[in-house]
Amino acid sequence: MSALVAATILAPLFCAAAGLAVRANSPLRDGITVVGLVAAAASAVALLVKVADTGTHVVRVGNWSPELGIVLVADLFATLVLPVALTIIVVVEIFAIGQRRTAWGANPELAGPLLCVLTSGVSLAFLTGDLFTLFVAFEMILVSSYVLLTHQGQRDQIRSGMTYVVMNLLASTLFLIGLALVYAATGTVNIALASQRIAELPDGVRLGIGAWFLVVFGTKAAIFPLFSWLPDSYPTAPTTITAVFAGLLTKVGIYAMIRFHNLAGMDELGPIMLVLAAFTMVVGALGALAQSDVKRILSFHIVSQIGYMLMGLGLFTEVGTTAAILFLVHHMPVKTVLFLVGGLIENEQGTSALASTGGLASRRPLIAAFFAIPALSLAGMPPFSGFVAKFSVIGAGMAETSSVAVIIAVVAALAAGALTLLSMTKIWLGVFWGEQSAVSTGQGSVETVGNRRAMVFATGMAVVGTLAISFFAGTVFELSQRAAADLHNPATYIEAVGS
Amino acid sequence: MALLLTVGGLTSTGLYLITARSLSRIILGFSLLGHAAVLSLLIAGGPPGTAPIAGKASETSNPVPQALALTAIVISFGLTLFLLALAGRQQLLSGDDLVEDDLEDGRIASGQNIETDQ
């Protein structure tokens, strides 16, 4: 089992190195990248099956005691989210291979190995049992994302990349200072031991640390006042890169929050989180309505959806955490598919601006279907996974209506749901219905169409994946429930890590 | 106490520099902030002592924060270089290294109607 834990982190990292070692534009580099990503995803799935069966598995790297060394903790929460995340990356890589050498493809020489490093960082962030390794994992993810975002060196990318890098670098520096605070207060950076000792600290210090990490993880997750870097930078990157970022990056921030704030018992921060969540949901959805480009609309919806997960966490009940985890699992594939469809639209019409697209539904009904399913799911329509996820978040809120903050969050969640449906309708009207506009008929602007079959296949696979989550919603819900129960009984987690 | 004041000074100067428009000032700001973070890690490690080598009897200093600080230094070094490269690219593209307004700010400032897709 330890080998599986190691494989999810190391396989992509080795393949990144091996990929860089072979000649830049040989198909071997693609092959190595795919092998590394598939190996990681396969071991993540195997890990989930085993952990669901036998319980938390802990790996002490180098056999150091948890107080000093690095521990990797494969508990149900981590192993539930991990296979979803890694499968998404595999799908996106297939899409990227299909899309390269078109005007919107990422630079294939760099993107593959960098995607591998990013994957390794994501695995490490989910599996790590101490805060410092979490910091390193964040850096692995961010550094590769900085390069992926700006490597084409176009003006727009550099402009928004500067904001992106500066904001995230500031958050990382604050993370480091936060680590110093935790170490000074508890004498360890191991999450299990630190959360145990944080609970015994005086209230001021305890909540200070909690609020500090709310800011740090909140910047990474793009919650309300800290989200401005996201909608500007994501749409400028190549579609496949944006799809990975949209599906994973902010989610790692929320994941870290769900783990740390739950284990350390920061219940008093709940009302603040709920109000922030309400603002995040509504401001994100309103921002999306004002946009006139498919990728920018979708980027604002990333912000809006983060609000739901924050709301689930902010309730600090087992039902709330279950809902947040369920939302996380539902949201990652849905968001990625929507961006991939955005890529398909770009490929067909030469742009993703609503004004210069139209009439795609009659020409490419398959793309329209690929958009409709995740879009309805995002808006929370039954029978798709978004309905189950939103219903459980709002349901968890309705169970706690004694507090004003909860009521605000529930109202905001309902309003944001309606607004989401509205902007999905806007995309539908702009892209799939209506007249074919002048730009869209002139395919001459497209250099080469790329391998459309690979792109459609990858998108289709991802759509099937989101449908599978709604089909097996019962199983996913049960697993989320068990993961949430573990998070709310830190004793089991602490015991598993040992001392 | 002197160390704490140093951290405070570095942090405030660093944050002030980050609010500047020009990326070269921001890079300087981040270097200062990085030092502040590393120093605060060292403070968190408790009182200084002799080199922490196994088997020595005397009071050694705590090696864990030093290991953390070392990792942090390497990362911030790499990122400083990346920021410099970014500033260089911006210089090439626009002739200066200023952080530009994002699209929304630009639209609001120009008073342009947001709904332009019709």
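**Labels and cut-offs**

Mentor: Start with helix 1 (residues 2-21) and helix 2 (residues 27-54) of chain A, which pack at an angle of about 175 degrees with their axes 8 Å apart. Helices are DSSP runs of H or I, at least four residues, and strands are runs of E, at least two, numbered from the N terminus. Axes are lines fitted to C-alpha atoms, for helices over the stretch in contact, and angles run from 0 to 180 degrees between N-to-C directions. This is a predicted model: local features need pLDDT of at least 70, side-chain atom pairs count only at pLDDT 80 or more, and totals for chains, interfaces and linings use all residues. Residues are numbered from 1 along each chain as its sequence is written, chains are lettered from A and ligands numbered from 1 in the order written, and side-chain values use heavy atoms, without hydrogens and water.

Trainee: Why are helix 1 and helix 2 of chain A called roughly antiparallel?

Mentor: The angle is about 175 degrees. Angles under 35 degrees count as roughly parallel, over 145 as roughly antiparallel, 65 to 115 as roughly perpendicular and the rest as oblique. Helix 1 and helix 2 of chain A are therefore roughly antiparallel.

Trainee: What makes A:Phe135 and A:Phe175 an edge-to-face pair?

Mentor: Ring centres of Phe, Tyr and Trp (its six-membered ring) must lie within 6.5 Å; planes under 30 degrees apart are stacked, over 60 edge-to-face, the rest tilted. Here the centres are 5.6 Å apart and the planes 90 degrees. A:Phe135 lies in helix 5 (residues 131-150) and A:Phe175 in helix 6 (residues 155-186) of chain A, so the pair ties together parts 40 residues apart in sequence. Both belong to one aromatic cluster, which also includes A:Phe138.

Trainee: Why do A:Phe135 and A:Phe175 count as buried?

Mentor: Buried means under 20% relative accessible area, exposed over 50%, partly exposed in between (1.4 Å probe, protein chains only). A:Phe135 has 3% and A:Phe175 has 0%, so both count as buried.

Trainee: How do you know that A:Lys220 lies over the face of A:Phe138?

Mentor: NZ of Lys or CZ of Arg must be within 6 Å of the ring centre and within 35 degrees of the ring normal. A:Lys220 is at 5.2 Å from the ring centre.

Trainee: Are A:Asn63 and A:Ala222 buried or exposed?

Mentor: A:Asn63 is exposed, at 65%. A:Ala222 is buried, at 0%. A:Asn63 has a positive phi of about 60 degrees although it is not a glycine. Phi of A:Ala222 is also positive, near 60 degrees.
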